[in-house]
Structures are given as C-alpha cells and as structure tokens.
Amino acid sequence: MPLPDTIYCAQQINIPPQLPDILKNFTKAAIRTQPKDLLLWSAAYFSALSKGECLPVKDRLEMNVVTQKADNGLTPGLLKILHKQLSPGKTCNNEELQRKWRGLCLPMEQLETLLSLGSFGPDIDWMEFFALGCSALGGTLVSSLKFACEILTEDEEGGAARIPFSTFAKLYTYLAHLDGVMSQDYIDNFLSSLQAQVELQHGMIKPLDFIHWDNMDSAAPDSTNFARGTSRAE
C-alpha cells in the first residue's frame, strides 16, 4: 500500500530569504526584455547571475524596430546588452559571442551573416562587430552611426546621444572600408569636416552633427554595396 503524501505545515517549510527578491527581479527582467524563448533566456539569466556576470536584460521595454523585416532579430536594446557583456575585454572569442547571442534568443543565421561580412577569425574585435551590428539595424551608413550613438551614449534617454569622436571615427572608418571602395581621402575629408564642431563639444559628437550630411550615403562610392551587404544581416 503506497504511503500517503506527506503534508507539511507552514512552520515546516523553510523559504530562503533571498528567494522573493530573486524571483521579483527575474520577473521584472523577463517582462522588460521580452525574450522569444523564455526557458533559453532564463538559463542564460541565472547562469550570468550565479557567475556575477552582466545579465542579459534590457534597460527598458523596447518596441519592435519599425524597419525590421522580422520581430526576432537584433534590436538596439539587444545589441546594447551584448555591448555591456562583451566590450570590457575589447576582444571576444567566437564561442563566447555565440553563447551570449544564443542566450538572447537571437537567430544564429544572422550571427553567421555578420561574422562572414566581417571576415572574423576566432578572436573578434568587439567594436568592429558592434559596428556591423549597427549596420544590421540601420542599413545605411548614417542610420548605422546614429544607432551607435544612441546605444553607446551616457546621456539620458532622449538626450543629445553624444559619444567620443574617437569612437565615432573608428566605427565610421571601419564601416566605410567594409567594401573597400570608399577612398581614404573621402573618409579623411568627412572626418575633418566635423572637427570644428567636435572641438566646441569637448571631443564629443552627436547625431545632429552628421545626419544632415546626406551625401555620406548618397554620394559615397560604396553606398549601394554597403546597403546590399548589410541588408543580408537584417
């Protein structure tokens, strides 16, 4: 005859004192991040929590990006998480990037496309990959750099979205060289044209300083190739 189920009274159940806060924070993080695969994301969340790593959590609830063709790809909020997780080391290995990418429930096909576009080896320059991530969001050079400013800035949301000009120049130069068509003179002249405004802003640049440069996309010799290449990662 099977034994009856054991019945516990409230006094017999020991609830770890940290449990309510852990579950509360986890629930808030899940609602804010809206992962496509809750179980997969939860595993990444608690793994990072147990190791004291940066959590795969968005800063705020994010509306779907209007320009995205699908709702399960990279978004500014997810790219910002990856930047927080992987930028401290300047470089990351392919395996680590794949693990973080998978933990955010992002499609592996999109990652493979970005890695192929950048011709990355086992060790990946994070800011170069970040630039390609911005290009997947923006599609054009101007919009890609605008996304970069909005993700990297320390200004409050809705602010000027300033970033150091040295960072901007590295991202712009890398993306401009992506197809190997835009001349170095063109790149140098464009960056030089921004110097006066940058000096007034103590070495910082904001989207309003360059989004009026329509010819950065339309007149650039590689603009068509750039859009065609980065669209494969959308």
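**Note on the predicted model**

1. H202 is exposed, with a relative accessible area of 76%. The cut-off for exposed is over 50%, so H202 qualifies. The model discussed here is predicted. H202 sits in the loop between α9 (184-200) and β4 (204-205). Its backbone deserves a look: phi of H202 is near 55°, a positive value in a residue other than glycine. Most residues other than glycine have a negative phi.

2. A161 also has a positive phi, about 65°, and A161 is not a glycine. The loop between α7 and β3 (163-164) holds this residue. Is A161 buried or exposed? A161 counts as buried, because its relative accessibility is 8% and the buried class covers values under 20%.

3. S119 belongs with this topic. S119 follows α5, and its phi is positive, near 50°. Helix α5 itself spans residues 108-118. Its buried residues are Q110, L111, T113, L114, L115, L117 and G118. In an α-helix, residues three or four places apart point the same way, because there are 3.6 residues a turn.

4. Next, the largest pocket. It holds about 610 Å³ of space. Its lining has 26 residues, and the closest to the pocket centre are R60, K80, E150, I151 and E157. By residue class, the lining divides into 11 nonpolar, four polar and 11 charged.

5. Which helices each supply at least two residues of that lining? They are α3 (76-86) and α7 (141-152). The most comes from α3, with five residues.

6. Now helix packing, starting with α1 (residues 19-33) and α2 (residues 38-51). Their axes are 11 Å apart, and the helices pack at an angle of about 130°. The pair is therefore oblique: the roughly perpendicular range is 65 to 115 degrees, and roughly antiparallel needs over 145. The crossing of α1 and α2 is right-handed.

7. A second pair is α6 (residues 126-138) and α8 (residues 165-176). How do their axes cross, and within what distance do they come? The axes come within 10 Å and cross at roughly 70°. That makes α6 roughly perpendicular to α8, because 65 to 115 degrees is the range for that class. The crossing of α6 with α8 is right-handed.

8. L55 lies in the loop between α2 and α3. L55 is partly exposed, because its relative accessible area is 25% and the buried class stops under 20%. Its C-alpha atom is separated from that of K84 by 9.0 Å. Along the chain, L55 and K84 are 29 residues apart.

9. T91 is part of strand β1 (residues 91-93). T91 has a relative accessible area of 47%, so it is partly exposed; exposed would need over 50%. What separates the C-alpha atoms of T91 and E128? The separation is 9.5 Å, for two residues 37 apart along the chain.

10. Points to check in the viewer. For backbone, look at the positive phi of S119, of A161 and of H202. For the pocket, start from the residues closest to its centre, among them R60 and E157. For packing, view the right-handed crossing of α1 and α2, then that of α6 and α8.

Key:
Residues numbered from 1 in each chain as written. Predicted model: local features only at pLDDT ≥ 70, side-chain atom pairs only at ≥ 80, totals over all residues. Heavy atoms only, no water. 1 Å grid on protein atoms, 1.4 Å probe; cavity = no way out; pocket = protein on both sides within 12 Å on 5 of 7 lines; lining within 4 Å. Points joined across faces, edges and corners; volume = space filled by probe spheres on them. Helix = DSSP H or I, 4+ residues; strand = E, 2+ residues; numbered from the N terminus. Nonpolar A, V, L, I, M, F, W, Y, C, P; charged D, E, K, R; others polar. Buried < 20%, exposed > 50% of the residue type's maximum accessible area, 1.4 Å probe, protein only. Axes fitted to C-alpha atoms, helices over the stretch in contact; angles between N-to-C directions. Parallel < 35°, antiparallel > 145°, perpendicular 65-115°, else oblique. Left-handed = near helix turned anticlockwise from the far one by under 90°.
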